[in-house]
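Thanks for coming, everyone. I would like to walk you through a few local features of one structure, so please have a look at it before I go on.

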Amino acid sequence: MKETHRDTLVVAAIAGGCGIVVGAALIGPWRSLAELLSKPWFYGWAAAWATAAVGFGAFYYAREAHKLRKDEISRHEDRMRDASIATFNLLQHALASRFVPHFTISFGIKSAGLEGLTSRGLFLLAQSALAAIPTGEMPLGSLPLTENEISKLGALDTNSRLLRHTVEALIAQNSYFSDKRPSQASIDMIQEIAKMANVVANDALEVKGMIEKYRPVKPQ
């Protein structure tokens, strides 16, 4: 039975009881209302219907309070779900950005070749790599990450910062205005940077797979 139908029946029953009392007062064998009120059974009926009215009021209040609480919980769950979706998407984007330096450096080395790199070419390659390295920290938000996953994300941030500092050092060693062959130290450094960028990319790929289980599913 629907709640509205049930409420209607309860109200109808109370109204009917009141009608019986009023009807009895109008058509009963007693001469006056005072005589009716003097009957012992009258107070029993009145108390019963008053109790029913109070009970219905308490029931109605409790039901409405319960519905309000359910609505509040539902809205809170929706907000938490939306926050989780936003955090997950930001984290996925942040992880994807950790692949870019590896591709940038690898492509640059393969295109020019280590033997054909000039100081200017190495400078431009390092500048491109520096622009591709993310500067922000991983957004953790409200995702229920484990300590191991948080540690992995922290290590990824640390390695990204170390990669950035190393690229900045390489830029400082080379000049945009020089077409000379870069020093062997710079060649060694760009090779080391390529390895570091590969480690960062592999770590990002591993973490990306680890957090896939947290992908929120918004109900249709």
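When I say that two residues touch, I mean contact in the sense of heavy atoms within 4.5 Å. This is a predicted model, in which local features need pLDDT of at least 70 and side-chain atom pairs count only at pLDDT 80 or more, while totals for chains, interfaces and linings use all residues. Residues are numbered from 1 along each chain as its sequence is written, and side-chain values use heavy atoms, with hydrogens and water left out.

Let me begin with threonine 87, which lies in helix 3, residues 40-97; helices here are DSSP runs of H or I with at least four residues, numbered from the N terminus. Leaving aside residues up to four places away in sequence, threonine 87 touches Pro139, Leu140, Gly141, Ser142 and Leu143. Its relative accessibility is 10%, so threonine 87 counts as buried, where buried means under 20% relative accessible area, exposed over 50%, and partly exposed in between, with a 1.4 Å probe and protein chains only.

Turning to helix 4, residues 100-112, its buried residues are Pro101, His102, Ile105, Ser106, Gly108 and Ile109. Seen down the axis of helix 4, these fall within an arc of 160 degrees, so they line one face of the helix, the arc being that of the directions from the helix axis to the C-beta atoms. The face turned away from that buried side carries the exposed residues Phe103, Phe107, Lys110 and Ser111. Just after helix 4, glycine 113 takes a positive phi of about 80 degrees.

Conventions:
Helices (H or I, at least four residues) and strands (E, at least two) are DSSP runs, numbered from the N terminus.
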